[in-house]
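The sequence and the model come next, followed by notes grouped by topic.

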Amino acid sequence: MDNVLNIIKDFTQTYHQKLISLARAAENSLNVLNISDEAKKLKEEGIICDLNEGNAPYRPRYIVVDFEKFFKNGSDFLRLNPPNDIWEATNNLLILYKHIPSITSFPVYIGNIDYLLEPFIEDEKEAYKAIKLFLEHIDRTITDSFCHANIGPKRTKAGEIILKITRELQNSVPNITLKYSDETDDDFAIEAVLTSLDTAKPSFANHDMFIKDLGEKYAIASCYNGLPIGGGSYTLVRLNLAYLAKKAKDEFDFLDNILPYAVDVMANYMDERIRFLVEESNFFQSSFLVKEGLIDKDRFTAMFGIFGLAECVNYFINSNNAFERFGHGKYANELGIKIIEKLDEEVKKHKNNFCKFSNGNFLLHAQVGIDTDKGISPGCRIPIGEEPELPQHLLQSAPFHKYFPSGIGDVFSFDVTAKNNPEFILDIIKGSFASGLRYISFYGNDSDVIRITGYLVKKSDIEKLEKGEQVYNDAVVLGLGSVKNQRILERKVRKI
């Protein structure tokens with residue numbers, strides 16, 4: 001009860017932030033999951049982390065609505081007809097967004113918005129006003145940085161307008177990804193690069209790579225999560241490789257015994273979370289999103305997350321020589337690949353009947369970290385402060401990306417002078433994708449909007465929160481913790 005009272009008395013939280021915190025406290029007062037003793041032990045040791053999903057899951061972690069179907073059919077439940085113009089289109093979307101749940105209580109995917117809005121652009125001046133109000137409304141009402149829009153791959157008038165308004169508004173919400181492929185016009189891509197250097201978005205997704213793994217109907221949601229449209233992910237639980245390594249006698253014991261054991265325990269824990277959600281919570285039996293065909297249980301999967309690969313490898317390398325450590329040393333990088341290959345093999349041994357989209361498998365995810373992670377790197381990333389030169393960094397990272405269909409990415413901070421040569425950064429993106437990179441993000445070091453790990457916040461909002469002032473974006477709390485614990489503002493600044 002003290003926790004509830006503390007939430008009520010917290011003057012740094014807004015009314016709506018308190019509502020969400022109180023709901024989480026209520027859920028966590030329950031004990032309804034049948035969790036094994038092995039899973040409980042690994043959770044207590046910080047090796048398994050369920051990312052605060054709650055003790056009684058009553059909605060999927062990530063829901064990826066089929067907005068194209070929504071525009072085609074409208075919604076009986078919401079009493080909305082298919083839109084006829086830009087105002088109806090944006091209004092219908094904003095109404096639906098209020099009814100899409102997720103782990104954050106806000107939609108984590110709001111559509112391939114340029115393609116959705118393009119058919120309704122007749123008068124460009126009017127469309128500009130409508131889209132600007134649309135994006136402004138999203139930032140002020142979906143007050144969570146894990147809200148994600150997609151654009152591309154093809155150039156559209158709506159896409160151009162979205163990029164221009166994004167630079168103008170300087171908002172941290174929504175996050176944006178450009179699905180990049182050979183279909184993407186260079187001039188459009190360069191506009192996206194300039195927008196990213198100014199506002200830390202859009203990121204660039206290797207469109208062909210995601211299609212190969214997930215099919216044509218995929219979306220980038222939340223941070224950089226590749227998921228099926230019309231479905232989503234039941235859960236995301238992550239494995240702390242940095243802590244797990246310390247349970248092994250050596251790297252061989254880790255690969256042969258410790259890692260397979262931990263994968264099995266965590267997979268069974270994920271099974272139990274999914275079982276309760278599907279069989280007992282009644283979400284799929286009661287949601288109008290299911291009844292109207294905007295999501296389908298058969299298009300859901302689950303995400304097996306990992307983090308701390310660098311620290312895991314460096315524990316076995318046991319060297320303070322920078323040239324021998326993960327990201328630099330040949331043996332260290334090869335060991336990293338061996339660990340992920342073994343992880344992939346073990347995860348694929350496990351089957352869950354509810355994950356029909358992914359043939360019963362969980363999808364690997366390089367989890368971006370949370371605010372309380374101290375001294376542990378996100379996913380498979382090289383630790384901040386140990387980054388090699390950019391070409392070496394990209395080539396080291398690329399071989400890991402093929403193992404993570406549900407998301408992996410790298411973040412780079414560029415000196416302000418990069419804005420004078422966006423073609424250079426586009427060449428970097430093209431070369432990286434040709435080398436097997438799945439996803440890349442960057443921002444200018446002078447930008448107020450910065451990328452924390454996979455999500456965005458404003459440095460000015462972090463400063464306000466640090467002073468004890470309220471901010472309407474609840475992800476700023478996470479951003480402040482990450483700045484302190486993960487040295488986000490100390491990323492190596494790349495110069496051109």
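Which residues form a negative surface patch? The patch is made up of D85, E88, E122, D123 and E126. This is a predicted model, in which local features need pLDDT of at least 70, side-chain atom pairs count only at pLDDT 80 or more, and totals for chains, interfaces and linings use all residues. Residues are numbered from 1 along each chain as its sequence is written, and side-chain values use heavy atoms, with hydrogens and water left out.

**Surface patch**

- Patches consist of residues with over 30% relative accessible area and no salt bridge, where like charges are joined within 9 Å and nonpolar side chains (Val, Leu, Ile, Met, Phe, Trp, Tyr) within 5 Å.
- Asp and Glu count as negative, Lys and Arg as positive, while His and the chain ends are not counted.
- The place of a charge is taken as NZ of Lys, CZ of Arg, CG of Asp or CD of Glu.
- Accessible areas come from the Shrake-Rupley method with a 1.4 Å probe, and for residues only the protein chains shown count as cover.
- D85, one of the patch residues, sits in the loop between α4 (67-73) and α5 (86-97); helices (H or I, at least four residues) and strands (E, at least two) are DSSP runs numbered from the N terminus.
- D85 has a relative accessible area of 32% and is partly exposed, where buried means under 20%, exposed over 50%, and partly exposed in between (1.4 Å probe, protein chains only).

**Salt bridges**

- Side chains of opposite charge can pair when their charged atoms come close.
- There are 35 salt bridges, each a side-chain nitrogen of Lys or Arg within 4 Å of a carboxyl oxygen of Asp or Glu.
- E45 and K41 form one of them, at 2.5 Å from N to O; E45 is partly exposed at 28%, and K41 is partly exposed at 44%.
- D50 pairs with K43, with the closest N and O atoms 3.2 Å apart; D50 is buried at 10%, whereas K43 is partly exposed at 28%.
- K356 and D298 form a salt bridge with closest N and O atoms 3.8 Å apart.
- This pair links distant parts of the chain, 58 residues apart: K356 is in the loop between α16 (330-349) and β10 (363-366), and D298 is in the loop between α14 (288-291) and β9.
- D298 is partly exposed, at 35% relative accessibility.

**Cysteines**

- The count of disulfides, meaning pairs of cysteine sulfur atoms within 2.5 Å, is 0.
- For C49, the nearest cysteine sulfur is that of C223, 13 Å away, and C49 is buried at 18%.
- For C223, the nearest cysteine sulfur is that of C147, 12 Å away, and C223 is buried at 6%.

**Backbone features**

- G152 and P153 are joined by a cis peptide bond with omega about 10 degrees, and P153 lies in the loop between β3 (148-151) and α8 (157-169).
- Another cis peptide bond joins V173 and P174, with omega about 0 degrees; P174 is in the loop between α8 and β4 (175-180).
- Q170, a residue other than glycine, has a positive phi near 55 degrees and is placed in the loop between α8 and β4.
- R487 has a positive phi near 55 degrees, and its place is the loop between α20 (475-486) and β15 (493-494).
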